[in-house]
Amino acid sequence: MAISVFDMFKVGIGPSSSHTVGPMVAATRFINELVELGLFASVKAVKVQLRGSLSATGKGHGTDAAVLAGLGGGWPETVDPTWVTGIVAQTKESKTLVLANTSGSVSKTIPFDYDGDLEFASYNCRIRDPHPNAMTLWAFDETGTELARKNFYSIGGGFIATDETVDKKTATATVAAKIPYPFRTASELLGHCSATQLSIAQLVLANEAAIGRDEAEVTRRMHRIWDVMHSAIERGCSTEGVLPGGLKVRRRAPLLAKDLQSEEADPLSVMDRVSVWAIAVNEENAAGGRVVTAPTNGAAGIIPAVLNYSRQAKAVLSVCDDPIRDFLLTAGTIGTIYQQTASISGAEVGCQGEVGVASSMAAAGLAQVRGGSPEQVCNAAEIGLEHHLGLTCDPVGGLVQVPCIERNAVGAVTAITAARLALAGDGRQLVSLDQVMETMMATGSDMMSKYKETSTGGLAVSLAEC
């Protein structure tokens, strides 16, 4: 069993992969399972309980809207963001909820009391859960008899686990096909590259072929992912206004982009553009727009910004057959190692697991298209994470805005620095990528819960007190 590189890049909507995309997927799967079990026709009521970080910052992260949309058949990749934005108000006003499966082949309207049937449980309720992003869904018949009950855990990046799969080894094993080069760690990946003399991108292409995706399909799908990323950059650079949520944060990307167009030549303008692109994507994410989890929504601006830099700054060497494909394949591959052996969940390890991992992935992708060896690519990834160790997740107001948006700009610039440092060396590392991942997990374990996406410490409290 393995995890596909495509699992790391999910097209969805903002503002959070763990709090929006994951819960929407969980709710949709719950309804689909009711249909498969022949229970849907008997359902007259549903209830939802959100626990842990999903409860603490769920309203600011749009978890309530995501769950309601998921129960109505919404799927992150195709759902209309404007429908999701208005679903909470609509449900409160009508006191009803439409239930539907993903295909829309069955649907019904049931009574639903937002305040009574959707519970944001006390944060302490999470101590019995195996993951801090926990939720339970119930379905009842007309007599109030429980028809079904299921616990879901949103483990980061839109990945969902259940009681049966919350163990990391089973939760992230998404591909049943036997692949020629299985790996869970960076050392195993480097071992395959050394034995075959393949680059990381070439090796993963061979694995994807074993899954049933030939090179043409992989290339097409990777370019589709880039198209969504690039569209988010363009929308973010042209859409003005104030972000939703109450903090009254004004979008800055359009103004910054205009300033760059009118600026005289500046040696640092390239870095300024990278920052603008990262900010543009995360402002789109904060507004509930369509982005790509890379590996999460809170860090969704880093990889698009660095990839755009590699294209516009002509930072790609001729050794790369398809820069977009190879960049994303390499970045996604590093992401699969984090997902299988460490974490990409801010609620589990803080923002080092989101912005830190995204910066690490982007550094690896850039090193690849700059002609780096597998050792240099992993060195770039290690540097990218190493300098984010200990980064807390303390969103002000429970919103993915402050400090999240600016952190994407800093993470993107750090990724470029990491790649350039790695390429200046021979790939030999004093600290390995696997070791820095272990350190991140140990640091996350030591980190107090108030610094892990609960908005009960750090900037979330300091700003409120000012």
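1. Confidence in this predicted model can be summarised by a mean pLDDT of 93 for the protein chain, with 94% of its residues reaching 70 or more. Over residues 169-173, however, pLDDT stays under 50, although the model has 14 contacts there beyond four places in sequence. Where pLDDT is low, the predicted coordinates should not be read in detail.

2. Helix α11 (residues 269-286) and helix α12 (residues 302-312) have axes that come within 8 Å and cross at roughly 140 degrees, which makes α11 oblique to α12. The crossing of these two helices, α11 and α12, is right-handed.

3. On the α11 side of this pairing, the residues in contact are Val270, Met271, Val274, Trp277, Ala278 and Val281, and they meet Pro304, Ala305, Asn308, Tyr309 and Gln312 in α12. Sorted by class, the contact of α11 with α12 comprises nine nonpolar and two polar residues, with no charged ones.

4. Two cis peptide bonds deserve mention. One runs from Gly14 to Pro15, with omega near 10 degrees, and Pro15 lies in the loop between β1 (10-13) and α1 (17-36). Another joins Val402 to Pro403, with omega near 5 degrees, and Pro403 is placed in the loop between α16 (374-386) and α17 (404-423).

5. Lys248 belongs to the loop between α9 (215-238) and α10 (253-262), and with a relative accessible area of 69% it is exposed.

Conventions. Residues numbered from 1 in each chain as written. Predicted model: local features only at pLDDT ≥ 70, side-chain atom pairs only at ≥ 80, totals over all residues. Heavy atoms only, no water. Axes fitted to C-alpha atoms, helices over the stretch in contact; angles between N-to-C directions. Helix = DSSP H or I, 4+ residues; strand = E, 2+ residues; numbered from the N terminus. Parallel < 35°, antiparallel > 145°, perpendicular 65-115°, else oblique. Left-handed = near helix turned anticlockwise from the far one by under 90°. Contact = heavy atoms within 4.5 Å. Nonpolar A, V, L, I, M, F, W, Y, C, P; charged D, E, K, R; others polar. pLDDT = per-residue confidence, 0-100. Buried < 20%, exposed > 50% of the residue type's maximum accessible area, 1.4 Å probe, protein only.
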